[in-house]
Amino acid sequence: MKKTPLSFSKLGFLTAAMVIFTAVPIHTTEILLSERRSTYEQMSRETRAMQDEDSANPGMLWVLDGEALWRTKAGETNRACANCHGDAQKSMKGVAARYPAYDDKHKRAVDLEGRINLCRSEQQKAPPFVYESRELLALTALIARQSRGMPIESKDERLQSFIESGHELFNRRQGQLNLSCVQCHNDNWGKKLAGIALPQAHPTGYPLYRLEWQALGSLQRRLRNCMIGMRMETYDYGSPEYIALETYLMWRARGMMMESPAVRP
Amino acid sequence: MARALINIPAKARRGEIITIKTLISHAMETGYRYTTTGTRIPRDIIHSFVVTYNGEEIFSAELFPAISANPFLTFHTIATESGKIEFTWTGDNGYSVTEQAMIKVE
């Protein structure tokens with residue numbers, strides 16, 4: 001096909017688009033990098049103290065379980081995580097800060113829970129853990145703990161399409177209340193919703209111990225929580241929508257410090 | 001997977017007031033909840049917590065269904081002598097966990 005220069009009609013459209021975009025004030029729905037805050041900063045002194053001290057942080061109970069599971073042999077190969085990865089404190093340092101990561105073999109983004117289950121099914125030849133099971137949360141908590149205090153990294157260009165679809169989902173109005181994530185978390189963070197300060201929703205501390213749950217939970221569980229609040233139908237655990245949202249949220253929080261396992265009200 | 005976390009200073013001066021923090025993994029099922037099919041979830045809680053310092057009881061607590069999951073209990077005591085501090089949690093369905101920690105008093 002012969003390449004044609006921009007036709008007049010295309011030019012006309014572009015000008016029209018430019019006029020529209022400059023004439024209508026666009027609501028800025030992105031938080032400036034310098035204005036990003038971890039929800040930690042909005043918490044009470046008591047809840048912060050719980051997170052800061054390992055012996056007061058209930059999330060550490062899952063980390064301890066994770067340490068035991070790390071050394072437990074499983075599957076047809078009868079191998080434990082430690083048989084390949086050695087000491088989690090060394091080999092898993094900084095890993096969670098880079099997840100969700102792009103998986104070459106499956107050509108998609110994989111979150112930490114998904115990676116653990118892929119390792120189980122493909123390497124250990126063991127049945128994958130159920131989402132939100134004590135075992136999966138424990139291993140995730142153990143791995144995420146090794147990235148505490150490290151900055152979140154999101155540099156892999158292959159994640160771009162996942163970040164974009166996550167961004168689209170984050171901006172899409174959904175559910176019976178016709179709400180999008182940005183309406184609370186970008187436009188109104190810091191204001192009160194039913195007595196609670198709206199957070200910016202940075203996934204810096206997952207899996208985290210939520211006092212309301214009285215248990216540790218994953219980012220996907222937290223996302224479902226918001227979706228139920230928006231009165232929309234939730235996605236199934238592990239669905240591409242959650243992975244895209246997780247990938248986008250980690251990109252959005254790039255450079256922020258990992259706090260896993262965090263404590264939240 | 002019953003696990004406990006205990007925070008106690010390894011060393012203390014004689015007569016010093018020390019803080020002991022304990023956290024234990026437990027669902028603390030109240031007995032007032034029902035499943036989606038309407039069957040009652042039976043009560044399953046820790047109902048007592050006892051701490052001894054070289055065999056002598058220094059702290060005890062009764063726990064009730066209103067106490068949250070994974071109970072976190074903090075208390076103070078006076079460091080009198082070096083030795084063993086033993087923590088025992090007992091609960092429904094034969095639940096019993098004992099942990100110990102050593103303290104050096106100078």
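Helices (H or I, at least four residues) and strands (E, at least two) are DSSP runs, numbered from the N terminus. The structure is a predicted model, in which local features need pLDDT of at least 70, side-chain atom pairs count only at pLDDT 80 or more, and totals for chains, interfaces and linings use all residues. Residues are numbered from 1 along each chain as its sequence is written, while chains are lettered from A and ligands numbered from 1 in the order in which they are written.

H10(A) is followed by Arg231(A), whose phi is positive, near 55°. Helix H10 of chain A spans residues 219-229. Its buried residues are Leu219(A), Gln220(A), Arg221(A), Leu223(A) and Met227(A). A residue is buried if 20 or more other C-beta atoms lie within 10 Å of its own, exposed if 12 or fewer, and partly exposed in between, with C-beta atoms placed from the backbone. The buried residues of H10(A) pack against E6 and helix H11 (240-252) of chain A.

Chain A as a whole contains eleven helices and seven strands. Of its 265 residues, 35% are buried. Two residues are in contact if their C-beta atoms, placed from the backbone, lie within 7 Å. Among chain A contacts between residues at least 6 apart in sequence, 73% join residues at least 24 apart.

Helix H6 (residues 112-124) and helix H7 (residues 134-145) of chain A pack at an angle of about 110°, with their axes 10 Å apart. H6(A) is therefore roughly perpendicular to H7(A). Axes are lines fitted to C-alpha atoms, for helices over the stretch in contact, and angles run from 0 to 180 degrees between N-to-C directions. Angles of 65 to 115 degrees count as roughly perpendicular. From H6(A), Leu112(A), Glu113(A) and Ile116(A) meet Leu136(A), Leu139(A), Thr140(A), Ile143(A) and Ala144(A) of H7(A). By class, this contact has six nonpolar, one polar and one charged residues. Ala, Val, Leu, Ile, Met, Phe, Trp, Tyr, Cys and Pro count as nonpolar, Asp, Glu, Lys and Arg as charged, and the others, Gly among them, as polar.

Chain A also has an open sheet of three strands, in the order E6-E5-E7, with mixed pairing. Its edge strands are E6 (215-217) and E7 (263-264) of chain A, each pairing on one side only. Two strands pair if DSSP finds at least two bridges between them. Strand E5 (residues 208-210) of chain A and E7(A) pair in the parallel sense over two bridges. Tyr209(A) stands opposite Val263(A) in E7(A).

Pro199(A) lies in the loop between strand E4 (196-197) and E5 of chain A. Pro199(A) counts as partly exposed because it has 19 C-beta neighbours inside 10 Å. Beyond its neighbours within four places in sequence, Pro199(A) is in contact with Thr39(A), Gln42(A), His185(A) and Trp189(A). The C-alpha atoms of Pro199(A) and Gly86(A) are separated by 37 Å.

The contact between the chains takes twelve residues from chain B and ten residues from chain A. On the chain B side, strand E1 (4-7) and strand E3 (17-24) each give two or more residues. The largest share, three residues, comes from E1(B). By class, this side has six nonpolar, four polar and two charged residues. E1(B) and E3(B) pair in the antiparallel sense over four bridges, and Ala4(B) stands opposite Ile24(B) in E3(B). Seven bridges join E3(B) to strand E6 (residues 72-78) of chain B, and these strands run antiparallel. The bridge partner of Ile20(B) in E6(B) is Phe75(B).

How values were computed:
Parallel < 35°, antiparallel > 145°, perpendicular 65-115°, else oblique.
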